Amino acid sequence: EAAEQQEGGKYGLKFQTAAAYLSIIGHENAAVIEMSGLTEVEVKEILLRTLKVDAVSNDLVKLVLDVSSGNAFWCKSIASFIKERGVKELENTIKAGDNKKNSLKVLILLRLEKLSIEHQLVIKYASIIGDEFSERMLSAVLPPRLQTTLSESLELLAEHGFILCIEEYPVSIFGFQNQLIRQTLYELMPPSDAVHIHLKVAEFIEKTYAKNLRPFYPVFVFA
């Protein structure tokens, strides 16, 4: 029961007062790290390291920097894509996408195609739950045939960069690497399936957190 109580408040439903954050930032040992976009030199280093080559063209570096807008995650994802499919395929993908955001969506879908049907279903179901989800909740909404291998599926999806493990104890909590990945996968699910999964999520929450449903009211309203 203690584990279940700690699991509550996840899934993006975290209500913290501004004062709580200010007290942390105001601590004498606290440091604020500002994330800025990568430079051409840093993008080049990522490409060299990922592709395991001695040199890359300046045009390729500028192309990756432009499409990714200097975002470190997307730079690494694009570098991995080039390693798997080649520069020509990247250029075709960018042309097909029309703009940066659509190009990144196409990259996500092409990487998704490399997964088995079972793993694709697991990540699509997870996208319906939210930006964060517990292994227990995902298991509750999955078809029985996918439940037995869920741990292995989540490990593989993390290796492929779709999700990451946020918390391992007392319950396993995962989250999507970024919202664009989740949004792209969410859009692949038929609306009727999404509604069905939302209802199963609501049923799981109602059963598991019957004594403390208040943090989950937004979920019930949406379902």
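The model is predicted. Its helix H7 covers residues 100-112, and the count of aromatic pairs comes to 3.

**Helix H7**

- Helix H7 has 13 residues, and at 1.5 Å a residue these should span 18 Å.
- The buried residues of H7 include four leucines, namely Leu104, Leu107, Leu110 and Leu112.
- Ser103, Lys105, Ile108 and Arg111 are also buried in H7.
- An α-helix has 3.6 residues a turn, so residues three or four places apart point the same way.

**The pair Phe73 and Trp74**

- One of the 3 aromatic pairs joins Phe73 and Trp74, with 5.0 Å from centre to centre.
- The planes of Phe73 and Trp74 stand at 80°, and the pair is edge-to-face because this angle is over 60 degrees.
- Trp74 is buried because its relative accessible area of 8% is under 20%.
- Phe73 has a relative accessible area of 22% and is partly exposed.

**The pair Phe133 and Phe174**

- The ring centres of Phe133 and Phe174 lie 6.1 Å apart, and their planes meet at 20°, so the pair is stacked.
- This pair links distant parts of the chain, as Phe133 is in strand S1 (residues 132-134) and Phe174 is in strand S3 (residues 173-176), 41 residues apart.
- Phe133 is buried, with a relative accessible area of 0%.
- Phe174 is buried as well, at 9% relative accessible area.
- Phe133 and Phe174 form one aromatic cluster together with Phe176.

Key
Residues are numbered from 1 along each chain as its sequence is written. This is a predicted model: local features need pLDDT of at least 70, side-chain atom pairs count only at pLDDT 80 or more; totals for chains, interfaces and linings use all residues. Side-chain values use heavy atoms; hydrogens and water are left out. Helices (H or I, at least four residues) and strands (E, at least two) are DSSP runs, numbered from the N terminus. The expected span of a helix is 1.5 Å times one less than its number of residues. Buried means under 20% relative accessible area, exposed over 50%, partly exposed in between (1.4 Å probe, protein chains only). Rings of Phe, Tyr and Trp (its six-membered ring) pair if their centres lie within 6.5 Å; planes under 30 degrees apart count as stacked, over 60 as edge-to-face and the rest as tilted.
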